[in-house]
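This report describes selected parts of one protein chain.

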Amino acid sequence: MAEIVKEETERQGRYNPAEIEAKWQARWDADPALYAAEGHDSGKPKYYCIEMLPYPSGQLHMGHVRNYSIGDALARHMWMRGYNVLHPMGWDAFGLPAENAALKNNTPPRDWTLRNIAAMKTQMRRMGLSYDWSTEVTTCLPDYYRWNQWFFLKMFEKGLAYRKKSKVNWCPECQTVLANEQVVNGRCWRHEDTIVEQRDLTQWFLKITKYADELLDGLDKLEGWPEKVRTMQRNWIGRSEGALVDFAVDGEVKADCCKITVFTTRVDTIFGATSVQLAPEHVVAKAFAADDAELAAKVEALLEEQKKARESDDLGAIEKHGVNTGRYAINPFNGERVPIWVGNYILADYGTGAIMSVPAHDERDFEFAQKYGLTIKRVIAPKNGDEPELPFTAEDDAVLIDSGEWTGLGCVGAQQKLAVLAKVKGFGEPTVTYRLKDWGVSRQRYWGTPIPMVYCQNGHTGVEPGGVVALLESALPVLLPEQIEITQEGGSPLGKVPAFLNTTCPVCGGPAKRETDTMDTFVDSSWYFYRYADAKNATAPFASDKANYWFPIDQYIGGVEHAILHLIYSRFWTKVMRDLGLIKNDEPAERLFTQGMVIKDGAKMSKSKGNVVSPDDMIARYGADATRMYALFAAPPDRDLEWLEEGVAGVSRFLGRVYRLSTKYVETTRAASAATLTAGSATEQKLLRKLHQTIAKITHDFSGRWHFNTSIAAIMTLINEIVAAEAAIDSGEVSPAAVAEIFRNLVLLLAPFAPFFAAEMWEQIGGEGTVFRTTWPVANEELAREDEVEIPVQVNGKLVNVVKVAAGSDEETVKAAALADEKVKARSAGKTVAKVIVVPNKLVNLVVK
């Protein structure tokens with residue numbers, strides 16, 4: 001009989017995650033409304049929590065699991081705090097990998113993508129992630145991308161979408177254009193070993209620069225965003241205040257080459273300009289080269305040097321070379337003739353493609369002037385009259401010298417006055433420039449949103465033959481053809497599909513050709529989170545009342561690598577939608593959290609590195625709860641996590657320990673769930689103290705910096721206390737009411753981190769309803785208060801010992817305890833205690849002499 005009882009006890013105490021998780025996943029899958037947000041009239045405060053949607057590559061890895069576990073824990077906690085929570089998920093489903101897979105595996109991109117989505121969705125369900133799948137968004141489906149096209153037409157109407165020929169970044173591996181933000185260290189953001197080339201192509205652009213000032217100023221209001229992200233965006237926008245100044249070209253020149261316009265942030269130094277320097281592709285440089293074969297060869301050599309430096313992202317360190325054109329320009333402020341040079345470090349697409357060179361007050365100009373023996377003329381000096389070492393670049397506490405009537409003016413004041421003078425005299429004006437360039441959205445690929453424009457072949461009133469015509473909204477969506485041959489030759493694959501290419505002009509009805517480029521996939525991810533608010537809307541991108549209820553996003557979670565890609569584009573798109581009258585908010589997200597990476601074998605976990613760990617393997621061995629909890633426990637969520645499988649095994653063992661204890665006392669917890677706590681034994685008080693301290697800590701962690709690693713560590717400490725008191729509990733020293741209080745709250749504390757486990761234990765102990773819809777426990781300050789506190793004691797700033805005093809002791813009591821400590825007395829023997837500093841509840845420091 002004893003053996004039977006022993007066997008039954010062991011069976012009840014054994015943690016079987018596979019069995020538990022399968023049971024609860026089946027129940028949750030059968031309840032599609034389980035994670036659904038409530039109506040706007042719920043009376044609850046709203047909470048919109050999302051993680052950045054993934055590209056459906058086919059497999060989640062532990063980097064994904066970490067990201068989604070953070071958001072999932074937060075969403076579950078906010079449900080328990082009484083919020084109306086929207087926690088959706090979708091798929092950033094267009095993009096290059098699908099085309100590459102089609103080439104490699106002879107699989108249509110749509111089939112490959114949808115198959116991967118199904119596989120990853122299954123993984124997410126198996127992880128127990130609390131997504132409302134009724135709001136699912138898949139960006140490669142027409143019900144989504146038709147609104148990309150709708151937005152494009154609206155931007156075209158407003159002058160925000162336009163077409164021009166420009167120098168673009170070209171990835172020879174992708175066989176397509178890249179936005180500036182997609183070039184990292186001179187290489188393609190998707191192909192780290194592929195050097196990006198420069199090409200001249202006619203492309204579609206979105207005028208993000210119209211919002212440059214607002215994008216910059218808005219960063220100051222985003223106090224809930226990491227400062228690192230805000231700094232990266234400020235630097236990328238790159239606002240510079242200065243002046244445009246026209247230098248007339250001396251001698252006979254073509255009409256379009258009669259002046260050279262330079263931008264300068266230091267117009268106060270213009271009397272020290274000793275040359276004007278042009279980019280190799282500047283129109284004036286080209287004009288001079290056209291009349292001089294020797295000069296043309298030298299300019300071409302400079303251009304090749306520049307191209308090589310661009311492609312290797314080494315432009316900042318390029319060895320500066322230049323060539324004197326033999327021509328001169330006139331400084332409009334003093335009438336001096338200065339030589340015109342062409343330099344390999346001047347970029348045609350930066351500023352005006354021309355600079356005034358002031359060697360005495362600019363490090364780069366000084367280096368160039370010394371190399372080529374150009375004149376160096378000092379026109380700025382310290383206010384104190386010192387003779388500075390050149391180049392002297394200070395503005396504050398500096399004045400103009402040898403600058404005509406402006407001599408003696410402070411630099412900052414002179415900048416303003418000289419810029420205004422240039423405008424009055426008609427040879428310049430104050431201006432602002434930006435590093436930020438308009439967003440090139442054309443891609444010469446198939447698997448993306450078709451651009452809803454056609455080219456009328458015959459032309460009509462206001463449109464020349466071959467001119468651009470916007471489609472009518474009623475013609476949307478322009479569908480991608482599903483059966484198509486994909487190659488990496490001869491431009492966009494859509495241009496080889498006659499049924500797609502040939503159409504009619506919506507204005508004149510004559511023959512027309514469709515635009516064959518598709519949109520950059522960052523268009524898809526610039527507004528997807530608005531679609532979550534109204535995912536099934538067939539007549540608009542979303543209903544404004546729904547978006548205005550949910551936005552801005554309360555918490556957005558994703559990687560810092562998106563700081564100047566997705567995150568700046570989505571801010572731009574939000575402002576455009578606001579100006580279209582669709583929404584009221586200025587910014588998409590109130591708070592942004594950027595999680596750390598998962599590191600394995602010394603590198604970020606990724607498919608390209610070959611160091612991916614599949615969550616499927618971890619779940620099969622240890623369960624989803626242990627896998628999720630390890631991702632939250634192994635490091636603070638904003639720090640990188642070094643992957644160790646033994647850590648997952650350790651968390652699994654911990655859950656087994658909790659399961660053993662919970663099931664052991666399940667009947668006591670059930671029976672005493674409504675019992676009232678009364679004054680108990682010292683052991684009981686100690687356990688309740690630790691419980692309520694743990695509640696207070698985890699509540700604080702969710703409200704603050706999300707140190708979930710210390711939250712889980714606190715639960716582990718609580719379990720250690722319970723194990724230590726197990727004999728006392730068994731002997732009746734701890735009341736049934738206290739046991740019930742401890743284990744009910746323990747399950748609730750685990751619910752955000754280990755949802756399957758918590759659901760099972762909640763059911764076993766007789767909890768009502770769904771565990772993560774149960775009210776979050778509130779810490780009892782009286783029960784949490786320590787009877788004694790430990791106070792470190794220092795002598796002359798060095799730790800000597802720790803003394804114990806009653807909690808809440810006054811300063812004199814703490815001081816007396818410190819002075820009475822034997823180790824403290826030994827350290828201060830023979831010396832005079834000059835001062836005793838007491839920091840309440842923190843430390844005591846004795847200053848002895």
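The model is predicted. Three bridges join strand β26 to strand β27 (residues 592–594), and these two strands run parallel. Across that pairing, Ile557 stands opposite Phe593 in β27. The chain gets from β26 to β27 through helix α16 (residues 566–579), in a β-α-β crossover that is right-handed.

**The sheet**

β26 and β27 belong to an open sheet of four strands, with the order β2-β1-β26-β27 and parallel pairing. The edges are β2 (84–86) and β27; each has a single partner strand, so one side of each is left without a neighbour in the sheet. From one strand to the next, the twist averages 20°.

Strand β1 (residues 46–51) pairs with β26 in the parallel sense over three bridges. Here Glu51 stands opposite Ile557 in β26. β1 also pairs with β2, again in the parallel sense and over three bridges. In that pairing, Lys46 has Asn84 of β2 as its bridge partner. Helix α3 (residues 62–80) packs on the sheet and touches β1, β2, β26 and β27. The direction of α3 makes about 170° with that of β1.

Which residues of β26 (residues 555–558) point one way, and which the other? Gln555 and Ile557 point one way, Tyr556 and Gly558 the other way, and all are buried.

**A helix pair**

Helix α21 (residues 682–703) and helix α22 (residues 708–724) have axes that come within 9 Å and cross at roughly 170°. That angle makes α21 roughly antiparallel to α22, because angles over 145 degrees count as such. On the α21 side, the contact is made by Lys686, Leu687, Lys690, Leu691, Thr694, Lys697, Ile698, Asp701 and Phe702. The residues that α22 brings to this contact include Phe708, Ala714, Ile715, Leu718 and Ile722. Thr710, Ser711, Thr717 and Glu721 of α22 also take part.

**Helix α24**

Helix α24 (residues 736–750) has 15 residues. From its first C-alpha to its last, α24 reaches 21 Å, close to the 21 Å expected at 1.5 Å a residue. Is α24 mostly covered or mostly uncovered? It is mostly covered, with 12 of its 15 residues buried. Among the buried residues of α24 are Ala737, Ala738, Val739, Ala740, Ile742 and Phe743. Asn745 is also buried, as are Leu746, Val747, Leu748, Leu749 and Leu750.

**Two buried residues**

Ile318 lies in the loop between α10 (293–311) and β13 (322–330). Its relative accessible area is 10%, so Ile318 is buried. Leaving out residues up to four places away in sequence, Ile318 touches Glu305, Gln306, Ala309, Asn344 and Tyr345.

Val666 lies in helix α20 (residues 666–671). Val666 is buried because its relative accessible area is 10%, and buried means under 20%. With residues up to four places away in sequence not counted, Val666 touches Gln764 and Ile765.

The table gives one C-alpha distance for each of these two residues.

| Pair | Separation in sequence | C-alpha to C-alpha distance |
|---|---|---|
| Ile318 and Tyr345 | 27 residues | 7.0 Å |
| Val666 and Ala740 | 74 residues | 8.5 Å |

How values were computed
Residues are numbered from 1 along each chain as its sequence is written. This is a predicted model: local features need pLDDT of at least 70, side-chain atom pairs count only at pLDDT 80 or more; totals for chains, interfaces and linings use all residues. Side-chain values use heavy atoms; hydrogens and water are left out. Buried means under 20% relative accessible area, exposed over 50%, partly exposed in between (1.4 Å probe, protein chains only). Two strands pair if DSSP finds at least two bridges between them. A crossover is right-handed if, with the strands pointing away from the viewer, the path from the first strand over the helix to the second runs clockwise. The expected span of a helix is 1.5 Å times one less than its number of residues. Axes are lines fitted to C-alpha atoms, for helices over the stretch in contact, and angles run from 0 to 180 degrees between N-to-C directions. Angles under 35 degrees count as roughly parallel, over 145 as roughly antiparallel, 65 to 115 as roughly perpendicular and the rest as oblique. Contact means heavy atoms within 4.5 Å.
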